[in-house]
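Thanks for asking me to look this one over. Could you keep the viewer open while you read, so that you can check each point as it comes?

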Amino acid sequence: MSVITIMLPALLLYVAVIVWLFVHFKSKIFSVRSGTASTTDNRLTRLVYHFLDFFLMFIILVLLMMPPLLVVMTISQFDNPEWGIDIGVFSNLRIDLNEFAGLVMEPSGIRNPEFSTQAVISIDTYSLFAYYLFALISVIGGVVLLYILLQLRTVFASLLSDMALTPENSGRIRKIGYAVIVWSLVNPFLQYFGGRAVLRDIAFNVPGFQLNPAFEIPIVGLFTGLVIIVLSGVLNEAARIQKDQELTI
Amino acid sequence: MSAMIKVNLDLLLVQRKMTLTELADEVGITLANLSILKRGKARAIRFSTLAAICKALNCEPGDLLELDKEAE
């Protein structure tokens, strides 16, 4: 099976999806709904709401299209001996120039010619295992993002209909906070064990060059999640006051 | 919690031979809000509303509100 026969339908499908997205959301994005008295705030909320709508649909489609596209890419490129795919592995990289004796001139200005960093290292691999593993990690991330977006979209919808201060909305924002915390806790483990599996798969035996999977405690993510949960508590209190206010005659 | 204070609006309306709509018109609050008050669902009442209702019904606040000791 040639590359063209597989890639062409995939490309056509992709173009069709983009066209469908554009046609479906064009009216919502480029026009302001008439009929309701729109204040400036309301217009901004509506814009964000439609953006979320679009983004949500986009993520759903990406998640739906990713598995077939992965298979198509694998089938079409499998026979190609030069085939490889870039994956980003969060790793600790250490380069010891002392080991490159004879290759490197004596560097000036540094006491010990040893460099280290913690970064996402791009690795070009032909390992299908690595390819699917990292695709799976991004799909899990996509599902978490989808969950957060669904909650956020409902919050914005309630904001548009002036029903924002409710215990339900507070619950939704709390769920977003939990999702952020869970993802902040799970993602480093996925990255670490995924990276370990990949780096073990790729034999790495160059002296003076160390590449290990990195693990980082996600302080920012955890803190953000906590702040969101606290804010949901504030909203819950606001909802209670709103209810009191409504029932004050 | 809110059932501790009983609102005797029913009784006063019957005694004054008034309907809820008439009272709402006279006091100047919506029928829906007055209905909330009558059914004992209200969480609070403003002094201004209380004064207006008492004026319309020609009664004292104590006639309108009563501590429901059984609800405790």
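My notes follow as numbered points.

1. Ground rules first. This is a predicted model, in which local features need pLDDT of at least 70 and side-chain atom pairs count only at pLDDT 80 or more, while totals for chains, interfaces and linings use all residues. Residues are numbered from 1 along each chain as its sequence is written, chains are lettered from A and ligands numbered from 1 in the order in which they are written, and side-chain values use heavy atoms, with hydrogens and water left out.

2. Confidence in chain A. The mean pLDDT (the predictor's confidence in each residue, from 0 to 100) is 81 for chain A, and 86% of its residues reach 70 or more. Please keep an eye on residues 31–38 of chain A, where the pLDDT is below 50; beyond near neighbours in sequence, this stretch has nine contacts in the model. Contact here means heavy atoms within 4.5 Å. By element, helix 1 (residues 3–30) of chain A has the lowest confidence, with a mean of 71, and helix 5 (residues 219–246) of chain A the highest, at 93.

3. Layout of chain A. I count with DSSP runs numbered from the N terminus: helices are H or I of at least four residues, and strands are E of at least two. On that basis chain A has five helices and three strands, in the order α-α-β-β-α-α-β-α from the N terminus on. Of the contacts in chain A between residues at least 6 apart in sequence, 83% join residues at least 24 apart.

4. Burial in chain A. Chain A has 249 residues, and 33% of them are buried. The cut-offs are under 20% relative accessible area for buried, over 50% for exposed, and partly exposed in between, with a 1.4 Å probe and protein chains only.

5. A:Thr45 is in helix 2 (residues 40–77) of chain A and counts as buried, at 12% relative accessibility. Leaving aside neighbours within four places in sequence, A:Thr45 is in contact with A:Phe156, A:Leu159 and A:Leu160. A:Pro9, in helix 1 of chain A, is partly exposed with a relative accessible area of 43%. The C-alpha atoms of A:Pro9 and A:Val72 are 10.0 Å apart, although the two residues are 63 apart in sequence.

6. The interface between chain A and chain B. How much area do chain A and chain B bury between them? The value is about 810 Å², 55% of it on carbon and sulfur atoms; buried area is the accessible area (1.4 Å probe) that two parts lose on being put together, summed over both. In chain A, the residues that lose the most area to chain B are A:Leu247, A:Thr248 and A:Ile249, together 78% of what that side buries. Seven residues from chain A and 11 residues from chain B take part in the contact.

7. Polar features of that interface. Chain A and chain B share five residue pairs in polar contact, both residues at pLDDT 80 or more. A polar contact is a pair of N or O atoms within 3.5 Å; within protein, one must be able to donate a hydrogen and the other to accept it, and residues adjacent in sequence count only if both atoms are side-chain atoms. The side of chain A that touches chain B divides into two nonpolar, two polar and three charged residues. Here Ala, Val, Leu, Ile, Met, Phe, Trp, Tyr, Cys and Pro count as nonpolar, Asp, Glu, Lys and Arg as charged, and the others, Gly among them, as polar.

8. Salt bridges. A salt bridge is a side-chain nitrogen of Lys or Arg within 4 Å of a carboxyl oxygen of Asp or Glu. B:Arg43 lies in the loop between helix 3 (31–38) and helix 4 (47–57) of chain B and A:Asp244 in helix 5 of chain A, so the pair joins two chains.

9. A:Glu237 forms a salt bridge with A:Arg240 at 2.9 Å between the closest N and O atoms; both lie in helix 5 of chain A, three residues apart, about one turn of the helix. A:Asp244 also forms a salt bridge with A:Arg240, at 3.4 Å. A:Arg240 is partly exposed, with a relative accessible area of 41%, and A:Asp244 is partly exposed at 24%. B:Arg43 is partly exposed too, at 39% relative accessibility. Through shared partners, salt bridges join A:Glu237, A:Arg240, A:Asp244 and B:Arg43 into one network.
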